[in-house]
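Have a look at the model below before reading on.

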Amino acid sequence: MIDYSNPKLVVETSKIEPGKIAWRSPSNIALIKYWGKHGRQLPSNPSISFTLNHAFTETTLEYSPKMGADEGIDLDFLFHKEENPAFREKIVKFLESIQDIFPFLRQLHLKIRSANSFPHSAGIASSASSMSALALCLCSLEAELFGTLESDEEFHKKVSYIARLGSGSACRSIYTHLGLWGKSSIAENSSDEYAVEYSDVNDIYKSFQDSILIVSGKEKSVSSRAGHALMDNNVFSKPRFEQARSRLSRIADHLRTGDLEAFGTIVEDEALTLHALMMASSPSYLLMEPNSLEIINAVRRFRKENNLPVYFTLDAGPNIHLLYPGYIREKVLRFMEDELLPFCEESKWIDDHVGIGPVELELE
Ligand code: PMV
């Protein structure tokens, strides 16, 4: 196990100049899903995801030496330029929980400003983009104050580790094209404690589009946190974790060879398995909506009739992610317009695609 706790990471406050760091970090969509965890945010099975591009969070971290002897976390927090006490409290708790890793945090006055590229009501989980953006800011701050984390590998490993503590799936968001989280035979450098970049991939996947169809922007009735916990007593959990491992090694072959049909079959099976696990939890629950099923059926019909590689997946919610290679974009957009958008809330969708990962933002 990695032990990042480091009591030496303290500053001499009289020598600290105020400063600012900012990162943009994207969301991701899992192909093999993480569902079920143990210990301190460790996954019960490995997962792999496409990094997205347009669905992102921008986070700015301002810091200055703290006045006074208060030992706690001193944080001002703005979300979309407004105070948000609920989000602030969540972040304070998170920062408190990692004080052993970043003891300098309690020596500073912090101001965090955060904004998402997608509307809050879009039903898009923002924890992956927001927690990865925050982890990037924190590790950049450590690097700036102490000259640590010099190599890209060291930096990414720690960022991913910290993002994981904030929200499991966030640890995969920081890599170009695909992120792999969890110990797996498909990559020797894989780990349960942080994600790694997965690059043994045919170029066709780098052109993949993710058209996110917003069936409902309502807050989920059961949170991911509660959903993961329900896996502890789900009678299917053991075979599920085995199944995810075996699907991951099979999808790795299809990612390498570019076999889109075999890839799509696994991706769709994974999405439906995730929701089947929810239905088989105790108490049971449903996050899909009638319109999610309408879209799933229409996608399967369209694929069969036109022989085109377009597949669906879902997160823990009712919205449908359409995954397909860039060369059929025009045809898929026409199909969406005609047959799928009528099932979306106010015809809403987000036009996303596989991306290159986070960028550090220039500050004036
Ligand atoms: O990172 P969390 O705790 O919000 O869990 C995310 C779980 C899924 O989105 C359903 C699957 C995944 O691997 O991203």
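1. Let's start with Ser191. Leaving out residues up to four places away in sequence, Ser191 touches Trp181, Gly182 and Lys183, where contact means heavy atoms within 4.5 Å. You'll find Ser191 in the loop between E8 and strand E9 (195–197); helices (H or I, at least four residues) and strands (E, at least two) are DSSP runs, numbered from the N terminus.

2. Is Ser191 buried or exposed? Its relative accessible area is 9%, so Ser191 counts as buried (buried is under 20% relative accessible area, exposed over 50%, partly exposed in between, using a 1.4 Å probe and protein chains only). A polar atom of the Ser191 side chain also lies 2.9 Å from the backbone nitrogen of Glu193.

3. A word on what you're looking at: this is a predicted model, where local features need pLDDT of at least 70, side-chain atom pairs count only at pLDDT 80 or more, and totals for chains, interfaces and linings use all residues. Residues are numbered from 1 along each chain as its sequence is written, and side-chain values use heavy atoms, with hydrogens and water left out.

4. Now zoom out. The protein chain is split into domain 1 (14–201) and domain 2 (209–353), with bounds that come from an automatic or database domain assignment. Their C-alpha centres are 25 Å apart. On the domain 1 side, 31 residues are in contact with 43 residues of domain 2.

5. How much area is buried between domain 1 and domain 2? About 3100 Å², with carbon and sulfur atoms giving 67% of it; buried area is the accessible area (1.4 Å probe) that two parts lose on being put together, summed over both. In domain 1, Ile32, Lys33 and Trp35 lose the most area to domain 2, together 27% of what that side buries.

6. Across this interface the rule finds 1 salt bridge, meaning a side-chain nitrogen of Lys or Arg within 4 Å of a carboxyl oxygen of Asp or Glu. Arg256 and Asp200 form a salt bridge, with their closest N and O atoms 4.0 Å apart.

7. Ser282 and Pro283 are joined by a cis peptide bond, with omega about 0°, and Pro283 sits in the loop between helix H6 (260–279) and helix H7 (290–306). Ser347 isn't a glycine, yet it has a positive phi of about 55°. With a relative accessible area of 42%, Ser347 is partly exposed.

Notes. A polar contact is a pair of N or O atoms within 3.5 Å; within protein, one must be able to donate a hydrogen and the other to accept it, and residues adjacent in sequence count only if both atoms are side-chain atoms.
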